[in-house]
Amino acid sequence: MTDSIEPRDREVLAVLATHGGETTTSKLRDRLSWMKQPSQSSYRVDKLDDVGLVSATSGVQNGEYVTRRVSLTSSGREYIDTHDIETGVPDIETRLNKIEAKNKSLQKQVATQQAVIEEVERIFDDLGVNMNVEQIMRDSVEIENS
C-alpha cells in the first residue's frame, strides 16, 4: 500500500499534518512550490486517496465547482506518526517492532521443528534404532545440495 508513496506525496501529507490534518487543494498549491496546476494537486490527492491515506471531497457540489477539501484518514495519520516524512522510511520503533515480531515467529518455527526432531528420536528409541536424527537431516541436506 504505502510502498508507492513518493517524495511529493509525502510533502502533501506533511502540509496536511501542519494544517491540523485538513486543508483545501488551493492551500496545498500555495504551500508547495512545485504544485502549480490543479491537475498536479488532483493527481497527488487522488493517488493518496486511492491508497487510503487521505479522504478528498469532490470538486463539484450541486453542479458547481468548489475547492476540494482534503483530510488525513486514520491510516494517513498513522503513516505520518510511524514514518520519517522526508524519507518515507519507517521510524526506528516501527522497524524494531517488525523485527521483534519476525524473531518471535522464527522462534516458534524453530521450537516446532525441535519438537518434531525430538518426536522422531523418541520413535526411533522405541523401535530400538540407534540413530541421530539431526545427523540424518544434515546428511540429507548435503545429498540434496550435491
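This is a predicted model: local features need pLDDT of at least 70, side-chain atom pairs count only at pLDDT 80 or more; totals for chains, interfaces and linings use all residues.
## Basis of the model

Local features need pLDDT of at least 70 and side-chain atom pairs count only at pLDDT 80 or more, while totals for chains, interfaces and linings use all residues. Residues are numbered from 1 along each chain as its sequence is written, and side-chain values use heavy atoms, with hydrogens and water left out.

## Overall fold

The protein has six helices and five strands. Helices (H or I, at least four residues) and strands (E, at least two) are DSSP runs, numbered from the N terminus. From that end, the order is α-β-α-α-β-β-β-β-α-α-α.

Of the 146 residues, 27% are buried. Buried means under 20% relative accessible area, exposed means over 50%, and partly exposed lies in between (1.4 Å probe, protein chains only). The accessible surface comes to about 10000 Å². Carbon and sulfur atoms hold 50% of that surface. Areas come from the Shrake-Rupley method with a 1.4 Å probe; for residues, only the protein chains shown count as cover.

Contact means heavy atoms within 4.5 Å. Among contacts between residues at least 6 apart in sequence, 43% join residues at least 24 apart.

## Helix 1 against helix 3

Two packed helices are described by the angle and the distance between their axes. Helix 1 (residues 7–18) packs on helix 3 (residues 38–50) at about 85°, with the axes 10 Å apart. Axes are lines fitted to C-alpha atoms, for helices over the stretch in contact, and angles run from 0 to 180 degrees between N-to-C directions. The two helices are therefore roughly perpendicular, a term for angles of 65 to 115 degrees.

Helix 1 brings Arg 8, Asp 9, Val 12 and Leu 13 to the contact. Helix 3 brings Arg 44, Lys 47 and Leu 48. By class, three of these residues are nonpolar, none is polar and four are charged.

## The nonpolar core

A nonpolar core is a set of buried Ala, Val, Leu, Ile, Met, Phe, Trp, Tyr and Cys residues joined through side-chain atoms within 4.5 Å. The largest has 19 residues. Val 12, Leu 13 and Val 70 are among those with the most contacts inside it. Helix 1, helix 3, strand 2 (54–56), strand 5 (69–72) and helix 4 (74–82) each supply at least two core residues. Helix 1 gives the largest share, four residues.

Beyond neighbours within four places in sequence, Val 70 contacts residues including Leu 16, Leu 28, Val 45 and Val 54.

Glu 6 lies in the segment before helix 1. Glu 6 is partly exposed, at 33% relative accessible area. Not counting residues up to four places away, Glu 6 touches Arg 44 and Lys 47.

Ser 71 sits in strand 5. Ser 71 and Gly 21 are 50 residues apart in sequence, yet 5.6 Å apart in space, C-alpha to C-alpha.

Key
Angles under 35 degrees count as roughly parallel, over 145 as roughly antiparallel, 65 to 115 as roughly perpendicular and the rest as oblique. Ala, Val, Leu, Ile, Met, Phe, Trp, Tyr, Cys and Pro count as nonpolar, Asp, Glu, Lys and Arg as charged, and the others, Gly among them, as polar.
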